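Hi there,

Here is the structure I promised to pass along.

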Amino acid sequence: MRVDCLTMAGKQGRQWRSMCKGLILGTLLTSCMILLYCLSTQQIHFNLPEIPVPYSCAHRPSHLHPKASSNTSQQTSSQPCAPKVDIMFMKTHKTASSTFLNILFRFGEKHRLQFAFPDSRNDFFYPSLFQRSQVKDYKPGMCFNIICNHMRFNAPEVSKLLPLDTSYITILRDPADLFESSFHYFGRLVPFTWKIPGDDKLTEFLLDPHRYFDPEGFNSFYLKNLLFFDFGQDNTLELEDPRVDEAIRFLSERFHLVMLVEHFEESLILLKDALCWEMDDLLFFKLNARKGSTVSKLTPELRARALEWNAIDWKLYQHFNQTFWKKVDAYGRQRMAEDVAELKRRNREMASICIEGGRAVEAGSIQETDMQPWQPIGEKSIMGYNLKKNVDKAHQKLCRKMLMPEIQYLTELGVNLWITKLWGYIRDIINW
């Protein structure tokens, strides 16, 4: 009898501790979300004078390198060219954009370029529309070469910040896979998902999204046509609304290259050709990858439902998928295959030089704090890397930079991230 009483007391004690922990974390999360919402709301913007930036402020490279002909019948080099350094990269969510950001950071350091960075956080007050006054230390007439942090695209404001011949680049992902990733990563930050019953909230949501989705709900944009929303558009429009086609036409005219996650190496080769970069500029390791056990395998039915729910993103993706392969055809399929094989070979070579064990590991196995990637609330599902301890001096700096997560790299580049870091401390407590 005494043993039963002790067992019951132990169970009750654990239940009370669990309830207290849940209450504390719930109160803390709610308070922090309110705080961050206040910090994230649209700033007051004053009318700034418009001073055009017609030229680049780059330290022009002292060397030129040959630009190979895009005509597959001509394998000889044509006229030399200098790399283009004025770049607007529209960083979309859950699209391997952090991997590309690492490439841009290294390219910018190599050529001593001027970045337009946000102040106090790692994005431009997303989900507010971008305003140039959000750029750190901005004054009208200042010259920048690269802007690449998360923003909600606002073409008129961006155009007033960068040189006239800036190259506009972005990246898209299959909307079904993007939705699954976004639901996993941001779901806990979207309050209407809290009432979805069961352990498999993603499936339950897709079976009847209108039952749960609140277009006016806090952070609801993360779970419907997120790509369209990132480009500054209304993500709740009906697919037949003429504004959808108008937006796609506008983006087609504005962006010089739209890359695809599913063909990342091919995208980089097209970028190299368009901007006259070198193969060395394209080297990368996949950053912010999720461990496989956290990835929901969408059945054909759920995939169809995800595409139907994100119909505008699907239309956007299909359009740019077609333009992408037209660019590949113009480049030459055989030539593309050879260049992709070369890029993959060189990335494997760098992995053997830089990465302990040659592969990504789970967060708990990452030894250096500087190599710990940002994690979603509630779990540590994002993998990272351990830098080899015996890297030769010739590769030490490059290896560390290639493996460095976005937040740490931004800090090294001098960006003040006090709001982001505050949220990081809160997230770590919640993940406790």
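**Disulfides and other cysteines**

The disulfide of Cys 354 and Cys 399 is left-handed, because the torsion about its S-S bond is about -65 degrees. Cys 354 belongs to helix 12 (residues 333–354) and Cys 399 to helix 13 (residues 393–403), so this pair ties together parts that are 45 residues apart in sequence. The two sulfur atoms sit 2.0 Å apart, and both Cys 354 and Cys 399 are buried. Please keep in mind that this is a predicted model.

How many disulfides does a search of the whole structure find? It finds two, and the other one joins Cys 81 and Cys 276, with 1.6 Å between their sulfur atoms. That link of Cys 81 and Cys 276 is right-handed, with 75 degrees about the S-S bond. It connects distant parts of the chain, 195 residues apart: Cys 81 is in strand 2 (residues 77–81), while Cys 276 is in the loop between helix 9 (264–275) and helix 10 (300–309). Cys 81 and Cys 276 are both buried.

Counting the bonded cysteines along the chain, the disulfides follow the pattern 1-2, 3-4.

I also looked at two further residues, Cys 143 and Cys 148. Are they buried or exposed? Cys 143 has 14% relative accessibility and therefore counts as buried, as the cut-off for buried is under 20%. Cys 148 counts as buried too, because its relative accessibility is 1%.

Best wishes

Conventions
Residues are numbered from 1 along each chain as its sequence is written. This is a predicted model: local features need pLDDT of at least 70, side-chain atom pairs count only at pLDDT 80 or more; totals for chains, interfaces and linings use all residues. Side-chain values use heavy atoms; hydrogens and water are left out. A disulfide is a pair of cysteine sulfur atoms within 2.5 Å. Helices (H or I, at least four residues) and strands (E, at least two) are DSSP runs, numbered from the N terminus. Buried means under 20% relative accessible area, exposed over 50%, partly exposed in between (1.4 Å probe, protein chains only).
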